[in-house]
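Dear colleague,

I am passing on the structure we spoke about, with its sequence, and below it you will find my notes on what turned up. Please read them with the model open beside you.

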Amino acid sequence: MSDSVKVFAPASVSNVGCGFDILGFAIDGVGDEMIIKKNDQNKIVIQAVKDYENLPTDPKKNVAGVAIQALLDELGSNQGFDVEIIKNIKPGSGIGSSAASAAGAVVAVNELLDKPYTRLQLVDFAMKGEEVASGDVHADNVAPATLGGFCLIRGYNPLDVIHIQPPANLWCAVIHPQIEIKTKEAREILSPEIPLKKAIRQWGNVAGLMAGLYTSNYDLIGRSLEDHIVEPQRKVLIPEFDELKLSVMKAGALGCSISGSGPSVFALANGKESADSIAAAMNTVYERTGIDYKIYVSKVSEDGVKIL
Ligand code: HSE
């Protein structure tokens, strides 16, 4: 058994329009890398968080440290680990930065301990890490980051995660304006009440999206990508959101909404060509704003954390 492992932990899009806190999918090509080694000090040492010096290295405050500790506590192990995190996902991006580090950490440690847990079981530990970053329990980024594909969190108590194979031709374009939105703050602005009429439309869409994913019905997926509850409250946080959405819909997007708590915005597409056109439309809107941004075009990824 090796004493060291390197992993790639993917970025992810959560909420997916209608599914606040219960839906998410993994994306390809962007993610954190982590190198985790066993040590003989019986403690977790966050050695470096490359490129983001402001992120905590105290293992009790670092998402990776907290997630690893949750796993070790459940296992009754006092094995120590050195953790190096190469962050390629900017914190506060809305594409699951903290979730990637939490998911990568538990998959790597599980590997080094000869896999006492399944990937599905690891989601619970990763979620505990994510909680320190966002101040609330949600698994809609950590589940897809750990398992890949689309994930539905049917329930939290107990955690019930359903993994859904994405339709073969489902692509996405994601624009990440380089401003930071703290998930904690973006949650605090949300009203705790939902009028019944809005709730009815919302759960119709969640069910429609599930049916669309299972039957590869792209039109149904598109019709269901509506959020009547969270997007209207949060879109003020994202510069040019309305224009961006209008443009990507004109460019052929199946649907478009805020990725996680923003500022990233995602659109789903039937095929790469369509996703490229959507990315071009995003570019046209944002190049006028003077705000730095990155755009990713990716298949909805079947892969969660990868052992490199
Ligand atoms: N579901 C969470 C939220 C995801 O929207 O607050 C945070 O990235």
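I begin with E84, which sits in strand β4 (residues 80–86), where strands (E, at least two residues) and helices (H or I, at least four residues) are DSSP runs numbered from the N terminus. This is a predicted model, in which local features need pLDDT of at least 70 and side-chain atom pairs count only at pLDDT 80 or more, while totals for chains, interfaces and linings use all residues. Residues are numbered from 1 along each chain as its sequence is written, and side-chain values use heavy atoms, with hydrogens and water left out.

E84 counts as buried because its relative accessibility is 15%; buried means under 20% relative accessible area, exposed over 50%, and partly exposed in between, with a 1.4 Å probe and protein chains only. The side chains of E84 and K50 are joined by a polar contact of 2.5 Å, a term for a pair of N or O atoms within 3.5 Å, of which, within protein, one must be able to donate a hydrogen and the other to accept it, and residues adjacent in sequence count only if both atoms are side-chain atoms. Leaving aside residues up to four places away in sequence, E84 touches E33, M34, I35, A48 and K50, contact meaning heavy atoms within 4.5 Å.

The protein chain is divided into domain 1 (4–165) and domain 2 (170–299), with bounds that come from an automatic or database domain assignment. Their C-alpha centres lie 24 Å apart, and 32 residues of domain 1 are in contact with 38 residues of domain 2.

The largest nonpolar core has 72 residues, and those with the most contacts inside it are F25, I36 and L268; such a core is a set of buried Ala, Val, Leu, Ile, Met, Phe, Trp, Tyr and Cys residues joined through side-chain atoms within 4.5 Å. Apart from it lies another core, of 21 residues, which includes V248, A267, A269 and V285.

As for the ligand, the residues around it include S14, N15, D21, H138, D140 and R234, each having a heavy atom within 4 Å of it. An N or O atom in the side chain of N15 is 2.8 Å from an oxygen atom of the ligand. A polar side-chain atom of D21 lies 2.6 Å from a ligand nitrogen atom, and for the side chain of D140 an N or O atom is 2.6 Å from a nitrogen atom of the ligand.

Lastly, some backbone details deserve a look. Most residues other than glycine have a negative phi, and most peptide bonds are trans. D114, however, has a positive phi of about 70 degrees although it is not a glycine, and K115 has a positive phi near 55 degrees. The peptide bond from N157 to P158 is cis, with omega near 5 degrees, and P158 is placed in the loop between β5 and β6. A cis peptide bond also joins G262 and P263, with omega about 5 degrees, and P263 is found in the loop between β8 (255–258) and β9 (265–270).

With best wishes
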